[in-house]
Amino acid sequence: MYDALVAHQKSRPHSFHVPGHKFGASFDEVGRHRFADLLALDVTEITGMDDLHQPEGVIAEAQTLAAEAFGADETRFLVGGSTAGNIALIMAVCKPGDKIVVQRNCHKSVYHGLMLARANPIFIVPAVDPDTGVAAGLRREDVERALQAHPDAKAVFLTNPTYYGMGIDLVKMAATVHRHDIPLLVDEAHGAHYGFHPALPPSAMQCGADAAVQSTHKMATSMTMSSMVHIKGTRINRQRLNRALAMIQSSSPSYVLMASLDLARRHTMLEMGKEIDRVLPRLTWLQERLQVVPWLFVPAMTDHYVYATRDPLKLLLSLRTSDLNGYQLQTQFENRGVFPEFAQLTHVLLAASTGTRDEDVEQVLKSVEAMSARPLRVEHEWTRPGVLASSFLREQVIAMHEAVDRPRELIALEDAQGHICAEMVIPYPPGIPLLVPGERIDEQVLQLISKLRDGGARFHGVNDPSLASIEIIA
C-alpha cells in the first residue's frame with residue numbers, strides 16, 4: 001500500500017478530488033514544511049488506491065500480508081484505534097439482550113461496545129498482584145464458573161496483556177472457552193509486538209484466540225490512531241463484523257494511517273527482532289539499578305503466581321514511600337525530560353519500545369538518582385492502596401444502555417453513597433472505568449475516587465472534571 005502511494009505521488013497527478021490541500025499545495029504556511037511529506041501521500045478513494053470498506057486492491061493486499069504476519073485468517077485495518085475494533089467485535093457477537101463474559105478491568109471502549117450492542121455483561125474481577133497492588137488478568141477457574149452459570153453467554157472478552165504488561169496463560173484460557181463452543185475475544189491493544197521475539201510472550205493469535213484487537217501504534221510502530229483486528233476460525237460472524245466496522249469507522253479513512261500500518265507490518269517482520277535484541281539488555285541494566293533504590297520496588301521480569309507472562313518492555317515503578325505519590329513522581333520525571341506512560345497513586349509506568357534509545361534509559365536513571373539526593377522515608381511494611389480487584393465490581397442495578405437515558409441529577413460526591421451512577425467515572429490513563437452507568441455507588445469506590453482525585457488523577461466521562469460532584473439517576 002505504501003508503495004502504491006509513493007508511486008502515485010511520483011506520477012505528479014493533477015488532483016480534482018478531495019482532500020482540499022491538494023498534496024500540500026494549500027496548507028498553513030507555518031506547518032507546511034513539517035507536514036509536506038505526509039500531505040503528498042494523503043489521498044482518498046481514487047482509482048488505484050482501493051477502498052477500506054470494500055477492499056479489492058492494494059488495501060486488500062496489505063491486509064492479507066498483515067494477516068500472514070500476525071498469524072490470522074483475516075486482518076482488517078482500523079483507523080479509529082482499538083476502540084473501533086473492540087466495539088465492532090462486541091456488535092459482531094452480541095444482539096440486544098445477549099450475555100457476554102467480560103473482564104471488569106477492561107478499557108472504556110469495551111463498555112461503549114456493550115452499550116451500543118445493548119448486551120448484558122457478566123463481569124469477572126481480575127486477580128491482584130500482591131507485590132504492586134495492581135489488577136492483573138483473569139483466573140481460568142473464574143471464567144469456567146461464569147460459563148457454567150451462564151451457558152447462554154455468546155463470548156468471553158478479556159484484556160491481555162494488561163496496561164502493566166501482565167498476562168495470563170492464553171492457551172489454557174482458549175481451551176476453557178472453546179469447550180463451551182463460543183469465541184474468545186482479546187483486547188490485545190498493548191501486545192502488537194507479542195510473538196515476534198523469544199523474549200516476548202506469544203500473541204493471542206498464536207494462543208488460539210478467535211479474535212484480537214491490537215493497537216499497532218502503541219507497542220509497535222504505526223502512527224497514533226492506527227490499529228488492526230485479527231480474526232481466526234469460524235466462530236466470528238465476519239459479515240456482522242464488517243458491517244459494524246463500516247458503521248463505526250469513517251467513510252474517508254486516512255491513507256497515511258493505513259500506509260503506516262503496512263509499514264509497521266513490514267518493520268515488525270524484518271527489523272523488530274534485532275531492535276529488541278538491542279533494547280532488552282539496556283532495560284535489564286536499568287531495572288537492576290532501580291531495584292537497589294530503597295524507595296522504589298520494581299517487579300522482576302519473571303513468572304509470578306498471579307500472572308503467567310510479563311512484557312519486558314513495560315517497567316512498573318511501585319513506590320515504597322509516603323513522601324510522594326505516583327502523580328508527583330510523574331511530575332518529577334517530566335521536570336527532567338522523562339515522560340512516563342501514566343501514573344496512579346502508588347506507581348508510575350514506563351513504556352519502552354523498539355525505538356527506546358540508550359540516552360532515554362540513562363535519563364531515567366539520572367532522574368531517579370537526582371530524586372534520591374533528597375532523603376525519602378522508606379516504608380518497610382508498605383501497604384499498597386492501589387486499585388484492588390474488588391474495586392472493579394459494583395452492584396449493577398440498571399443495565400448500562402438503559403441507565404444512560406434515564407433522568408439524572410448532579411450531587412456532591414460525598415453525598416453519593418447508595419445512589420445509582422448515571423455516568424462513567426474513568427481515571428485516564430489507563431481508561432478503565434471505576435463506575436459505569438447503572439451501578440450502585442458504595443463507600444469503597446467513593447474512597448478510591450476521592451484518593452485518586454486528591455492525588456491528581458484526571459478523569460474521563462464525568463460531567464464535573466474536578467469530581468467535586470457526580471451525576472446520579474434521579
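Which helix is L65 found in? Helix α3, residues 58–70. Helices here are DSSP runs of H or I, at least four residues, and strands are runs of E, at least two, numbered from the N terminus.

Some ground rules. This is a predicted model: local features need pLDDT of at least 70, side-chain atom pairs count only at pLDDT 80 or more, and totals for chains, interfaces and linings use all residues. Residues are numbered from 1 along each chain as its sequence is written, and side-chain values use heavy atoms, with hydrogens and water left out.

Now the whole chain. The protein chain has 16 helices and 17 strands. Its radius of gyration is 23 Å, close to the 23 Å from the globule rule for 474 residues, so the chain is as compact as a globular protein of that length. That radius is taken over C-alpha atoms, and the rule is 2.2 Å times the number of residues to the power 0.38. Along the principal axes, the C-alpha trace spans about 65 × 55 × 45 Å.

Next, burial and surface. Of the 474 residues, 56% are buried. Buried means under 20% relative accessible area, exposed means over 50%, and partly exposed is in between, with a 1.4 Å probe and protein chains only. The chain exposes about 20100 Å², and carbon and sulfur atoms supply 51% of that. Those areas come from the Shrake-Rupley method with a 1.4 Å probe; for residues, only the protein chains shown count as cover.

Contacts next, meaning heavy atoms within 4.5 Å. Take pairs at least 6 apart in sequence: 70% of those contacts join residues at least 24 apart.

L65 is partly exposed, because its relative accessible area is 35%. Q63 counts as buried because its relative accessibility is 5%. Setting aside residues up to four places away in sequence, Q63 touches L52, P55, T75, R76 and F77.

What about the core? A nonpolar core is a set of buried Ala, Val, Leu, Ile, Met, Phe, Trp, Tyr and Cys residues joined through side-chain atoms within 4.5 Å. The largest one has 79 residues, and W295, L329, F333, V425, I441 and I470 have the most contacts inside it. Helix α12, residues 272–290, gives the most to this core, with seven residues. Another core lies apart from it, with 32 residues, including A92, C94, A155 and I236.

Zoom in on I441. Leaving aside neighbours within four places in sequence, its contacts include A416, H419, C421, L435, L446, I470 and I472.

Which residues of α5 are buried? K108, S109, V110, Y111, G113, L114, M115 and A117. The helix covers residues 108–117, and eight of its 10 residues are buried. R118 follows α5, with a positive phi near 55°.

Last stop: helix α13, residues 326–335, where Q332 is found. Q332 counts as partly exposed because its relative accessibility is 24%. Not counting residues up to four places away in sequence, Q332 touches L324 and M371. L170 is another matter: Q332 and L170 are 162 residues apart in sequence and 37 Å apart in space, C-alpha to C-alpha.
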